[in-house]
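I opened a new structure today and kept notes as I went. The entries follow the order in which I looked things up.

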Amino acid sequence: MECLLGFASSVSRDLVCGALNQLRYPCDFNNFVKKLEEEERDLIVTKDNVQKFVTNAKKQTRKTSEVVDKWLQDAINNVDNVNQLLKEAKAKKICCFGHCPNWIWQYRVEKKLANKNVYLEKFIAEGRKYVPFDRIATLPSGTLHILTEKCMNFESRQSTYEKLLEAVKNNDVAMIGLYGMGGCGKTTLAMEVMKLVEAEHCFEKVLFVPISSTVEVRRIQEKIASSLQYTFPETEVMERAQRLCLRLNQEKNILIILDDVWEKLDFGGIGIPSSEHHTGCKILITTRSEEVCTSMDCQRKIYLPILTDEEAWTLFQNKALISKNTPDTLKNLGRLISNECKGLPVAIAAVASSLKGKVETIWNVALNKLRSSKPINIERGLIDPYKCLQLSYDNLDTKEAKSLFLFCSVFPEDCEIPIEVLTRYAIGLGVVGEAHSYEEARSEVVAAKIKLVSSCLLLDEEDEYVKMHDIVRDVAHLIAKKENKIIKCEEEKDVTIEQNSVRYLWCVKFPIDLDCSNLEFLFLKTKLEEFNGIFKRMRMLKVLILVNDKDGITPLSTMCLKTLTNLRYLGISGYELSDFSFVSHMKKLQSLSMNGCSLPSFPELQTDVAITQVTTLKLLQLYKCEMKGKNFEVIKRTPLLEELYIVDIEGEWDSNSEDNIEFFNTFSVPKTLQRYAIVLGSNNFGDYNYNYFHPPPRTLLLNHFDKSNEVIKGLAKKATYLFVANIQRGAKNIIPDIFQIEGGGLDELSKFEICNSEEIECLIDTSNHLSTVVSPFSKLYKLRMVNLKNLRALWHFSQPISGPFENLEKLYFSDCPQLTSLFTYVVARSLVQLKVLKISTCDELKHILGDDDKTEKSQGEFTTRQPVQIFQNLQKVEIHSCRELKHIFSTNIVKGLTQLKMLKIENCDMLDQIIGDIAPSTDQDNKEELDEITEEGKHSHLYSTSIPSTAVVNHSSGTFFLFAFLSMFKHVLVSLHVAA
């Protein structure tokens, strides 16, 4: 009985509790809704955190468990379900005609709300287990810029900055290279670009990765991974590379800045995807070497120059804290110190910061050290410019480049070094070792020079010169001193040497007590006359340049040179030599250069001993020297001679003079000759200007040319520059009377001047030649024809031939009285590259373009009014004193003159039209296009207008009218000089 009562009591209690629990639903409806809204917020936060965890795991190239993926999908579904339930709960359904809530509906919804709340509490608790309690905070963009100095805005930097920014934003450019001298500000500029693209959100990610001179792939991988908040699960480099590539491919677009790159990087070995596999991955490298940019296939190579003087001073003031209140003495010293830094930012910043707050004495010490090429003390924490630049030297990968770098520092400060001079000296020193030929040695020196320029250790200047920055030069001197190869250059004061190991010396005051036992290079500009005591101590000397600093020519005893048995290069300027006997003692001499000297006759070299010595000679130069005789027969007896320069030696070089006859009768050259400049009588050629420091490979200039001399003809065939006058032996043309049409040479000729030759009637005559292609003059760039009394045409032919004159850009005719027209239309059409045309004093010239009965009858395009493509690259035309000239251009070619910029006409008495018709025209359409420009006066009139199509000149009144097709051309400068 008691059991039954207990059971009944338990059942009744459960029923009562259940009933009470059900009864609370209608009472707590609003509380259930609020509770569910709170749970919804917690669910969304937890879902987002789990989603971030999953996303981060993917970025870490990890795969999450299926349980987590299922929870995340359920969370997304639950959010939707909760939204629906809350909408349903807020509907508030009613009954009894709107007077009473719908208790049954409310009861059902409240029950759903209560159950959902209980479920979500458990579900959210489960989700929180998948979210880590903490993680590394993402670095905000711009953090790196807080730690770096702001780049000063300099004008010289602006154009480079704009080029760099344009390349970074260009979707078609994947690889960019920024290069420049060490310490010129490449890193700073790259970070400025990084700052801007981050601010403008051009990329999802921007990474800055220092590389340095030693490439450590593992360190580079760690740096990139750290920037991405990524941790490698593997330890092997190649596995990490694959993992990193997967991670980088997850970024839609990313900019990776690789700073301070010294060699070609293996992107595959690091894990950086190529642009082919990830079009959104852009790379910007900074480097000191243009070669690195090239080897890494940079689509844009951007050079960063050093600062200008004013910009350097501004930076110096900023770093040294120079203000208006700074004493003028310190300002003046600061300006001088800044100038010594030569615009190199790293040097300016280091020096100025070291002097900040220091007394004037310290500033004076710093200035004196910089002027004497001694390193100044750089305080701790500052970048040492000397170490910075030495790193560039250490990373040169050839001993030839390192040797040439050190040698360049012997030249005076701020000296523009002629590449030709540098090459000859370097070969003499053996910088490139023992080459098979002089030409091969040249190539190796030039290759080393290119490497130094590419590494920004040398600066390219105009006209084949290079220059070494002063700070770089100081570093070279320090390196040489460490290697026990002291380099000294003193142009004003006495040479002082602390040690006895001077290797390269450039001076004007030679110290008598100097230990020269290791001296290899000596440039001595001096007023000394006696050298016996000096040269005896120079047993190791390889290169000697001796320059007389006195006015006039000074006698030099050649006995003092006989002790220089190791000499390979000898250059003497401004001395009188009594004999050449010293040559026989120089068993290793390769180059002999005499400039402005007085020399004995060459036959004195013809003793058996001298001949033995001369066989080692590879380069001989005689520049503006006086010689007792003009017998050059001995030159042929130097079998290894590769380069010969006989330029403007004193003598009578007029046609048929004794000097000319002696030269032509005795001159001969060995078969080994590769380069030459034979220049005799240059004052007879107005366009010739010999560049001592940059001679062309093969030049021949003769005021007397005998076509029977096979030696001279052989040199002319191979010449790049050819100047000839007074051609003898009845030659009416250059080809074929002197040179054959095929195989006759002149294939390499780029400049040609022919003058004072009465028998010449045309330059080339192919009227009897059957081939349609000929090679002579195919590389001719500039042609001058002066004082040719019987010249009637540039080219005679029976049928059009391609080949000659196709590269001709500049053409000059002067004093050719039999010339009636310059070209036929067919010849003119071959002058596709012609840019400059100048004609003067051709008395019978009537037309620029004339007809040729043999060719024009079949050339219908020229005899119609249809436009013809002739002179399409012509830019400048000057015509002077051609008194029979009728007109300049024909209307059917004028529309092709799109490049014409200047037309100058003077003293052409019979000129009726500037642009005339090739046939009489009654076309009224042209008249509708005419505009009239009127100018009055008796002097030259210069004005900017379109090119005239028709010009009528009224000589009696001194007034001319120009009727122009103004719609054809813009900004053509027209100069007309008409006599009253």
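**Entry 1: the whole chain.** I call it a contact when heavy atoms lie within 4.5 Å. I looked at contacts in the protein chain between residues at least 6 apart in sequence, and 70% of these join residues at least 24 apart.

I noted the ground rules. This is a predicted model, in which local features need pLDDT of at least 70 and side-chain atom pairs count only at pLDDT 80 or more, while totals for chains, interfaces and linings use all residues. Residues are numbered from 1 along each chain as its sequence is written, and side-chain values use heavy atoms, with hydrogens and water left out.

I looked up the helices and strands next. They are DSSP runs, numbered from the N terminus: helices are H or I with at least four residues, strands are E with at least two. The protein chain has 28 helices and 43 strands.

Then I checked burial. Buried means under 20% relative accessible area, exposed over 50%, and partly exposed in between, with a 1.4 Å probe and protein chains only. Of the 980 residues of the protein chain, 51% count as buried.

**Entry 2: the sheet with S5 and S6.** I found an open sheet of 5 strands in the order S4-S5-S6-S3-S7, with parallel pairing. Two strands pair if DSSP finds at least two bridges between them. Why does one side of S4 and of S7 lack a neighbour in the sheet? Strand S4 (205-210) and strand S7 (300-303) stand at the edges, and each has a single partner strand, so one side of each is left without a neighbour. Neighbouring strands of this sheet are turned by 15° against each other on average, direction ignored. Axes here are lines fitted to C-alpha atoms, for helices over the stretch in contact, and angles run from 0 to 180 degrees between N-to-C directions.

I zoomed in on one pair. Strand S5 (residues 254-261) and strand S6 (residues 281-287) run parallel and are joined by 6 bridges. Leu255 stands opposite Lys282 in S6. Helix H6 (residues 155-169) lies across S3 (175-179), S5, S6 and S7. H6 runs at about 160° to S7.

**Entry 3: H12 and H13.** I followed two helices. Helix H12 (residues 309-320) and helix H13 (residues 328-340) pack at an angle of about 125°, with their axes 9 Å apart. From H12, the contact is made by Asp309, Glu310, Ala312, Trp313 and Phe316. From H13, Lys331, Gly334, Arg335, Ile337 and Ser338 take part.

**Entry 4: S16.** Is strand S16 (residues 569-573) mostly covered or uncovered? S16 is mostly covered, with 5 of its 5 residues buried. Tyr569, Gly571 and Ser573 are buried on one side, Leu570 and Ile572 on the other.

I traced its partners. Strand S14 (residues 543-548) pairs with S16 in the parallel sense over 5 bridges. Leu544 stands opposite Leu570 in S16. Strand S18 (residues 591-595) also runs parallel to S16, joined by 5 bridges. The bridge partner of Gly571 in S18 is Ser593.

**Entry 5: a sheet of 3 strands.** I ended on an open sheet with the order S26-S28-S30 and parallel pairing. Strand S26 (733-735) and strand S30 (793-797) stand at its edges. The twist averages 30° from one strand to the next. Strand S28 (residues 762-766) pairs with S30 in the parallel sense over 4 bridges. Thr766 has Phe797 as its bridge partner in S30.
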